[in-house]
Amino acid sequence: MIISRLAAFAAGVAVALAPLVAQAQAQPGEAAFRAMFKEMIETDTSAATGDCTALASKIAARMQAAGFPAENLEVLVPDGAPKAGNLVAWLPGKDPKAPAVLMLGHIDVVNAFRADWTRDPFTLIEENGQFYGRGVSDMKSQDAIWADNLVRYHAEGYHPRRTIRMALTCGEEGGGFVNGADWLAQNHRDLVEAGIGLTEGGGGDLDADGKRLAVTVMAAEKVFSVFTLEITGPGGHSSKPRNDNIIEALGQALANLKTLSFPTELNDNSRRYFETLATRADPETAAAIRKMLADPQDPAANAVLDRSVSYHAMLRTTCIPTLVEGGHATNAQPQRAKATINCRTLPGASVDAVEAAIVKAVDNPQIKVTRGMVGAPRAPSPPITPQLMGPIEKTAAAVFPGVPVTPMQETFGTDAGRLTAVGIPVYGFSALFRGDDAGNIHGLNEHIAVQSVMDGRTFMYRLIKAYADAK
Ligand SMILES: [Zn+2]
């Protein structure tokens with residue numbers, strides 16, 4: 001009797017609560033958003049096996065099917081690069097003289113090989129509160145949020161003061177695609193012209209327990225550089241080994257490089273970031289941060305902070321081997337061996353000094369160290385202004401109450417610097433919260449929390465409106 005009354009009561013509560021719970025969980029149009037995100041992940045846009053033009057066309061078709069006007073959409077493909085297509089779209093503003101707001105995202109992804117992954121990289125999988133798939137974190141979740149914003153704004157009959165532009169571009173990850181952000185800036189400048197733009201970078205930090213530590217805005221990027229170590233030798237039959245095997249020599253040089261570490265260096269951005277974090281992190285980390293802020297070289301403090309791959313990388317220049325090749329036959333002594341070293345230098349650091357440090361660490365004059373690919377000119381991040389931060393702070397107070405907002409120095413580079421270099425100021429901000437591994441982007445089993453994506457969607461829907469209506 002008691003049981004059945006309780007059951008009836010519980011059932012009644014469940015019925016009464018159901019609409020409220022459903023409302024709190026799902027924002028309007030979530031099903032359409034999820035379908036678009038799924039199509040983005042399931043369309044391979046890697047340089048090795050994918051096609052950006054195919055995805056750009058699918059997004060355009062999906063937006064049109066949702067009512068977005070065809071005349072405000074364009075798929076643009078660079079000559080001679082049929083798979084490097086870009087999608088631009090715009091929602092015209094009431095004030096044609098007011099500088100536009102740009103939502104920029106790259107739709108290409110780093111190569112992903114099925115055999116290496118636990119799950120198919122080009123199937124969107126939702127498991128234990130996480131999305132898995134190539135690009136879920138870098139950066140198709142943000143791309144889906146951008147396209148979804150335009151569809152929703154149009155469907156609502158929203159007329160912003162400023163024009164809202166979207167550019168979903170190919171080629172940010174390299175690998176042979178034409179960089180769409182550069183190409184649009186050079187060939188269709190009017191379609192990306194803006195007074196303020198946002199792209200990947202920053203977002204939000206989660207601690208190991210999933211607690212939100214800070215909303216982060218990219219105020220600076222580290223700089224990408226590549227060096228090649230190369231050694232050649234006479235080779236010969238593998239049955240009569242010489243004592244100067246060049247693969248062994250290269251291996252020794254790489255082992256020496258492991259000991260190369262650059263000193264901790266703080267600048268205004270990283271200082272502000274770590275000061276904010278010290279108020280939110282667990283007690284051990286917070287104490288280490290305070291010690292490091294007082295004495296950047298403090299070994300004990302650095303040892304604690306180095307446990308985080310993010311903190312370690314934010315505080316110094318880093319260089320690691322990323323590719324290695326050598327030899328020409330199983331039964332021959334090698335004639336050529338080569339390694340690629342990828343460095344991420346702090347903004348303003350001298351690449352000459354980094355090269356000199358590598359030569360010194362390698363400690364073998366037979367190994368030739370050369371500087372490799374230097375990217376297109378990129379400008380330092382534009383200054384952090386109240387016009388940028390005001391709307392982010394206001395939106396954060398509503399969507400993530402109590403979580404502080406701080407500028408940060410991103411550990412990688414983005415397309416922001418390419419547009420900033422030509423006078424279109426673009427900032428890194430996603431509102432997407434991630435853990436220390438950033439969802440293992442560029443690696444295996446890339447992931448992002450479902451909650452992070454849904455919260456990011458809520459946040460960006462409001463934030464872009466705030467910029468678009470700003471006086
Ligand atoms: Zn990216």
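Predicted model: local features only at pLDDT ≥ 70, side-chain atom pairs only at ≥ 80, totals over all residues.

Which residue in E15 does leucine 229 stand opposite? I found valine 369 in E15 opposite leucine 229.

Residues are numbered from 1 along each chain as its sequence is written.

Sheet. I checked the partners of strand E10 (residues 223–232) and noted antiparallel pairing with E15 over 4 bridges. Two strands pair if DSSP finds at least two bridges between them; strands (E, at least two residues) and helices (H or I, at least four) are DSSP runs, numbered from the N terminus. The open sheet has 4 strands in the order E12-E14-E10-E15, paired antiparallel. Strand E12 (318–326) and strand E15 (368–371) are at the edges with a single partner strand each, so one side of each has no neighbour in the sheet.

Helix on the sheet. I then looked up helix H7 (residues 246–258), which packs on the sheet and touches E10, E12 and strand E14 (336–345). Contact is taken as C-beta atoms, placed from the backbone, within 7 Å. The direction of H7 makes about 150° with that of E10; axes are lines fitted to C-alpha atoms, for helices over the stretch in contact, and angles run from 0 to 180 degrees between N-to-C directions.

Chain. I recorded domain 1 (27–201 + 414–469) and domain 2 (223–371), with bounds from an automatic or database domain assignment. Their C-alpha centres lie 32 Å apart. The secondary structure comes to 15 helices and 19 strands.

Terms used: Contact = placed C-beta atoms within 7 Å.
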